[in-house]
Amino acid sequence: MNGALEEYLERIAPGDSGAMRAAAERHAQLTKPAGSLGVLEELSVKVAGMTGTYAVPAPAVVAVFAADHGVHAQNVSPWPQEVTAAMLANFAGGGAAVNAFAKNNGVDVRVVDVGVATPVEQLDIVHAKVRPGTRDLSQTDALTDEEARKAIAVGFDLADQLVKDGYRCLLTGDMGIANTTASAALIATFTGATADAVTGRGTGIDDAALAHKTAVVRDALALHGVPATEPLKALQAYGGLEHAALAGYILGAAANRTPVILDGVIAGAAALVAQAFHPAVVDYCVAGHRSAEPGHAVALKQLGLQPLVDLDLRLGEGTGAVLAYPILTCAVRALAEMATFEDAGITS
């Protein structure tokens, strides 16, 4: 690696172990039985390691990265590719599920065109198109080295800008017809799982279509044969301009010591890419939810992340990450604001 990507990676350091120890010690003094807040205690300690403080990570923003996929030509999705652009207009107009959830939970939304095939210049979104969709991963490399690097830079630079703008928690979102196919290939690459274990129904396909989709993923893995130690080559092979941008965004959150809440299977695949670039990136990741897509559970196990929500969601957009954000803030607020036994005048 060279150039900007290498410079990004040099900025990433592991979470602050001293801050985590102090947070765990504080939890032992709060007015509750030890461990009674379960996963929330672990979560607040992890966030303390990310930020070095007990401050609630607010405000928050979800970045929805959108792109199209050449493998759509293999009939892996029943939806036309034009739906990606139509959904961008829906996001921009505030009419999608992620908009409703974000409004409810006080999260801002940024929509990013990193590779939509249909022109969307008229929309009030972040325009960062690297190319109009990827090539067909079942036939050739989806991206060139330069295109993959450019897409990573889109995500990393956006993370930098959002933190500069004052955001203290970054959430992932995505949109792209056929992107679960690319996700399955990436997850299989970094976990060693079979195509059958990681390929799901996406937007809702029948058994015959699932068998065909699985075969496309299996054949693509055999065609490219990328090792798990080569994240850039994996992005080139299987693409997903949104995957590359999300990987950069996750790396950017880590470089800025900022929590990043992952959404579903697309984010899980991107996080595996980011982890392969720099293992310490997982110190800054929170799994917002567990998607109904089978590959997501496989990805989360490899990442060592426990999802905060498990509601059989498979929409994407960032919905699961936005749902999880109040859980994260509650966890941190409990650590920061609960009284200790000494404060409450309770002695042994």
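I take two strands as paired if DSSP finds at least two bridges between them. Helices (H or I, at least four residues) and strands (E, at least two) are DSSP runs, numbered from the N terminus.

**Entry 1: source.** I note that this is a predicted model, in which local features need pLDDT of at least 70 and side-chain atom pairs count only at pLDDT 80 or more, while totals for chains, interfaces and linings use all residues. Residues are numbered from 1 along each chain as its sequence is written, and side-chain values use heavy atoms, with hydrogens and water left out.

**Entry 2: the chain.** I looked up the secondary structure of the protein chain and found 14 helices and six strands. The radius of gyration (over C-alpha atoms) is 20 Å, close to the 20 Å from the globule rule for 348 residues, so the chain is as compact as a globular protein of that length. That rule is 2.2 Å times the number of residues to the power 0.38. The C-alpha trace spans about 70 × 45 × 40 Å along its principal axes.

**Entry 3: the sheet.** I traced an open sheet of six strands with parallel pairing, in the order β3-β2-β1-β4-β5-β6. Its edge strands, β3 (126-127) and β6 (285-287), each pair on one side only. I then followed β4 (residues 169-175), which pairs with β5 (residues 260-262) in the parallel sense over two bridges. In this pair, L170 stands opposite V260 of β5.

Helix α4 (residues 82-92) packs on the sheet and touches β1 (60-67), β2 (107-115) and β4; its direction makes about 140° with that of β4. Contact here means heavy atoms within 4.5 Å. Axes are lines fitted to C-alpha atoms, for helices over the stretch in contact, and angles run from 0 to 180 degrees between N-to-C directions. I also found helix α5 (residues 97-105) lying across β1 and β2, at about 150° to β2.

**Entry 4: α11 and α12.** I looked up helix α11 (residues 241-255) and helix α12 (residues 265-277), whose axes come within 8 Å and cross at roughly 60°. α11 is therefore oblique to α12; angles under 35 degrees count as roughly parallel, over 145 as roughly antiparallel, 65 to 115 as roughly perpendicular and the rest as oblique. Residues of α11 in the contact include L246 and I250, and those of α12 include V273 and F277. By class, the contact has twelve nonpolar, one polar and one charged residues. Ala, Val, Leu, Ile, Met, Phe, Trp, Tyr, Cys and Pro count as nonpolar, Asp, Glu, Lys and Arg as charged, and the others, Gly among them, as polar.
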